Structure formats: structure tokens, C-alpha cells
Amino acid sequence: MANNELIKRLELPGRGRALVTTRRVRAGEIVLKDSPSLLYVVSTASDRFCGTCLRMCSGPDCTDFGAVRFCSAECSASFPKDLCSALGELKKAEFVSEEENQARFLLAAYHLQLVSSEEFEKLLVLEGEGTVDDEGVSKLHSFVEKAVQSWPWKADRKLSPRLTADLLVKEARNGFGLMAPNEKPGERAVRGYGLYTTAAFINHECLPNCCRFEYVDKAGKSNTDIYIRAMHDLEPETEISISYFPINWPYELRQERLEKEYGFKCTCERCDTEQAWSDVENGGEEGLEEEETQDEASLEKVVQELNLKASTLESARNGEEEKNIEAEEDEEQDGEEDVEIDGDFEHAMFFVKYLCPVEDCGGTMAPIPQQPDTNLHERSDDDEDADLFLTMECNMCGHVRTGDEFRKDLEENRILE
Ligand SMILES: C[S@@+](CC[C@H](N)C(=O)[O-])C[C@H]1O[C@@H](n2cnc3c(N)ncnc32)[C@H](O)[C@@H]1O
């Protein structure tokens, strides 16, 4: 099913290292299956999820061991005792929850160095460098240095404030959050984080072509593997992209997260279009609501929303808005590229196709992987709309939508006549 031969790593201008397809990929194909080099459970979930496998951990099987619990005697036995005792030190430290998570990560990373310097080196090549003269880093480094001092280190041990600072940034830029099942609709929490040293080379796009699936509660050993699935057909030599957060996040929130956490400014086509909306909203007296997301995922609403924004932008461009907008627009149009209003339909269709229709979910839909002998692989290359009507699965709530259901929705909302 998964085929890691399907991708290669390249350096792309302005994007750093990236993963690119080596052949044509069909909608729904798994382009990458990756296992974690390192996993840790977050402090707020450590009493409910197993420290070894991150599965739900409840009932009498649960073995309490310092700051980690285990779902079974097997998971308890396979968790490294050195790491367990170091995690026990967390109880004495005065950390707020975010710092405690960073300490958990650092202990797991330094422990990886203890047991496999080869795997540890894979972490060191990931993107990100920290700042040493940071109070938070010093506090964490002092804690970690003490907590790991009794470990059976070899002479080539690497442990320094510089390395601690770098590891923290590498984790922030490359870690994948494994989600806990929703307790209430719309409330989603992370149960733990993992570093996947191949998937870490996938860059972000606000309109991605792949999305990540995980099945942490499934039976078996590889329950923390992640699967990167193609949302639609991809040509050979196409860069694989995912969204680093839910696809319905609004422009400002996306920009803030990408700049603060990932260190780059996104200038993709979607951001260009939404920046123009945001300029109009900020300039107009009757701007649209702040911080809108396309989270009401009914087709009608998504399409209406985007049409409304497009027409607001068009009105502003045509000088029908308040004077202050006219003035701003005039200024902005000097030397500024025109924003494609036609692009709005393409963006609307992206959400119609790929945003999970379940209220408050915000997940991304991707076609269910097909068996090689199904019609997905037999359909002709020029049948562009065929992937519209594949059975899709949501990567957050698991909702499944068949092609017939989608066709009916499109017809009811007059998108397809
Ligand atoms: C998870 S890593 C992806 C692999 C990375 N390019 C590398 O060379 O290791 C995340 C980092 O990649 C870069 N990146 C991701 N998406 C990008 C994009 N759309 N444009 C520019 N840089 C991007 C940023 O530096 C970000 O912090």
C-alpha cells in the first residue's frame, strides 16, 4: 500500500528540502508511511494515554509510574527505565504545562541519543536552530542535565545548552501532534507528539495536495505510524505538501503561526487572495466579521461566504465602498498585482471537496486508498472530474462521504446541474 519509493528528497529554492513524487500518483494513494523516531505523551494527557503506545489508558490495567502511565504490562515493560526515572523528576520541577511538555520532549530526545546515536543524528539534520541566551532554554537545560546525569552515557555524549536550544526549535518545526478522540464536538486535544524523520521534510501549503492520517487506537504494533495520502492525482515531480494546521484557519491566524513557529511568510495564491479580503475588511466600516473561518462546512455556506468576500473585494475595487477604502485601494493599487477574483471559485471548490462537512470538525477529506484492481487505477488520465466522486474519508473525525452523496449535495446546492 504505502510506497516510500514514490517520493524523493530535493532542495527547492525558497523552501529548503522538500519531498517530490517520482511518478504519477493517483488520488487516495499513500505517498508515505512513516514511523516515529521519538514519541512523548503531553502532560495534560499523561494520565489518560499510554506513555509507550499513546493508546487510551484506562481501567485497572493502568500502571502508574511517575509521570507516565501504561495501558498494559507489556507497554510498561518496554518503556526504558532510565527515561521513566528521569520523567519522575518532573514531579519536583516547577514547570507550567508547556515547559513540562518541552522537558518531556528533551528527555525523550536525549534518551534517543543514549540508545541509538544513528537515530539521534536524524533529529539533528531537521530544520531549526535555537537561541541559547533564552531564560526558558536555560531553565529546561538545567533540569534535563540533572535528570539524565545517572544515565549510562558513553564518552561521546552530546549535551549542551546549544543542543537543547536547537532540539526545542526542531521539535516545534517538525513535530506532528497525535490527536486524542474528541470529547465534545469541536474540542480536540493532542495526546502526544512524534518526530517522523522522513515526513518532516514535507513543506506546508495553504491549499495542500496531501493530508496526514493516523490511527493511534488501532490494534497492533505500528499504531503510531502516520500515512500521507494524496488528495487528488499528482503528476511526477510534484512537490508533496500538507497543511501544518486545519485548512479552514483564516488568513491572519495562518500567517501568524507560519511566521512565529515555522519562520517563514507564506505568499501562496490563497494567502494573496485572502490578504486582499483582509485589507478590504480592515479598511471598511462594515467589514466582515473578524477571524472568520470556513468552519461552517455546508456547501451552501462555504460557497456563499466566498462569493460574498469576492463581491466585497470587487465592489471595493470598483470604488463602491466608503471613501476611506477608495483612498486605501488607490494607494495599494499603485504597483500592486491584481488579485484574481476567478481564483475564488477554485478556492471555494477546494473547501467544497476537501473540508469535512461535519459541523465543527475542520478535518481534511482525502479519497480512501484504492486496491490496485479498482477503477481508480483503470480510469483514463484525461478523466479530470473522476476524483470528485471518489469515496472520501476525513482525517480528523473519520466521516466517510461516498461519491453519490457528494453528487447529490452538489446538485442540491446548484453547484452541479
Ligand atoms: C517540517 S520542515 C519542512 C522541511 C524543510 N523545508 C527542511 O528543509 O527541512 C518546516 C520548515 O520548512 C520550511 N517551509 C515549510 N513550508 C514552506 C513554504 N510553503 N515556503 C517556504 N518554506 C517552507 C520552513 O522553514 C519551515 O520551518
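1. Of the 417 residues in the protein, 37% count as buried. Buried here means 20 or more other C-beta atoms within 10 Å of the residue's own; 12 or fewer is exposed, anything in between is partly exposed, and the C-beta atoms are placed from the backbone.

2. Keep in mind that this is a predicted model: local features need pLDDT of at least 70, side-chain atom pairs count only at pLDDT 80 or more, and totals for chains, interfaces and linings use all residues. Numbering starts from 1 along each chain as its sequence is written.

3. On confidence, the protein averages a pLDDT (the predictor's confidence in each residue, from 0 to 100) of 83, and 75% of the residues score at least 70. Residues 285-297 have pLDDT below 50, yet this stretch has 24 contacts in the model beyond near neighbours in sequence. A contact is two residues whose C-beta atoms, placed from the backbone, lie within 7 Å. Over residues 321-341 the pLDDT also stays under 50, with 23 contacts beyond four places in sequence. The model's scores are ipTM 1.00 and pTM 0.85.

4. As for the fold, there are 13 helices and 15 strands. These are DSSP runs numbered from the N terminus: H or I, at least four residues, for helices, and E, at least two, for strands. Among contacts between residues at least 6 apart in sequence, 68% join residues at least 24 apart.

5. L90 counts as buried because it has 20 C-beta neighbours inside 10 Å. Setting aside neighbours within four places in sequence, L90 contacts A67, F95, E100 and A103.
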